[in-house]
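Hi everyone, thanks for coming. Let me walk you through a structure that may be new to you, with an eye on its charged side chains. Here it comes on the screen.

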Amino acid sequence: MLAALLAAACAPPLPRPGPAPGPSAPPDFPAAYYMQAIAAGEPVYALDPARSLVVVAVRRGGTLARLGHDHVVASHDARGFVAPRAARADLYVRLAELVVDEPALRAQAGFDSTPSAADIEGTRGNMLAKVLDAQRHPYALIHAARAGADDRLAVAITLHGVTRDFEVPVRLEEGGDELRVAGTLAFDQSAFGIVPFSILGGAIEVRDRVSLRFDIVARRVRR
């Protein structure tokens, strides 16, 4: 998910922010809805963070783009619930847990450059502090509902304090105590009030358009 989840251009490292303060879930996350559904015997699935993945690919631009790097940003910490009978899901991602430029994910994206450790740390610091403003907006929130056909979801993403709606084609697998949802979407950072990172008057910049893919695995919660 959601995600979001946006990279910055290579730049000198900033101090790495610590974990998001307060409880692990956003204060307005609707956990009570799912707890009540479980208590009533409704089928509810909880995300398995260790087996779920959200990846955002961010590409370089500008006249000096060759001096920069494309980046891939991933969450291995997506959390939340799915209620299939209600055709509803709510997820969140803690931005402070985002990981930048894992080699395997860069290879999958087909990127042709190799950023240094300093590049990666600088990108992550700038992404959280300057681009996403993670101190003020520490979470990406995703609400999903079925959009008519079984293979499409109406998805509302809240990032940087702004909510935008998308219709997303997905692949859904459900069997036994496990549910899996995978799909892709593309969006503009500016749609969320985010100014894409740039330096040298835009000679090296991050493109506004980013692509996101997700593979979410959830397991049935038993009373």
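Let's start at Asp 177, which has a relative accessible area of 31% and so counts as partly exposed. Before I go on, please keep in mind that this is a predicted model. Asp 177 has a partner: its side chain meets that of Arg 222 in a salt bridge, at 2.5 Å from N to O.

Now move along to Arg 180. Its side chain forms a salt bridge with that of Asp 215, and here the N to O figure is 2.8 Å. Arg 180 belongs to strand 11 and Asp 215 to strand 14, so this pair ties together parts of the chain that are 35 residues apart in sequence. Are these two buried, exposed or partly exposed? Arg 180, at 32% relative accessible area, is partly exposed, and Asp 215 is partly exposed too, at 23%. There is also a network to look for: Arg 51, Glu 178 and Arg 219 are joined by salt bridges that share partners.

One more pair, please. Glu 167 and Arg 152 form a salt bridge in which the closest N and O atoms are 2.7 Å apart. Glu 167 sits in strand 10, residues 162–175, and Arg 152 in strand 9, residues 149–159; the two are 15 residues apart, and the pair links distant parts of the chain. Glu 167 has 49% relative accessibility, so it counts as partly exposed; the cut-off for exposed is over 50%. Arg 152 is partly exposed as well, with 30%.

Let's step back to the whole chain. How many salt bridges does a search of the whole structure find? The count is 12, and the pairs I showed you are among them. The protein chain has 14 strands and 3 helices. Of its 223 residues, 48% are buried. Its accessible surface comes to about 10,500 Å², and carbon and sulfur atoms account for 53% of that.

That's my tour, and I'm happy to take questions.

Technical notes
Residues numbered from 1 in each chain as written. Predicted model: local features only at pLDDT ≥ 70, side-chain atom pairs only at ≥ 80, totals over all residues. Heavy atoms only, no water. Salt bridge = Lys/Arg side-chain N within 4 Å of Asp/Glu carboxyl O. Helix = DSSP H or I, 4+ residues; strand = E, 2+ residues; numbered from the N terminus. Buried < 20%, exposed > 50% of the residue type's maximum accessible area, 1.4 Å probe, protein only. Areas by Shrake-Rupley, 256 points an atom, 1.4 Å probe, with all protein chains shown as cover.
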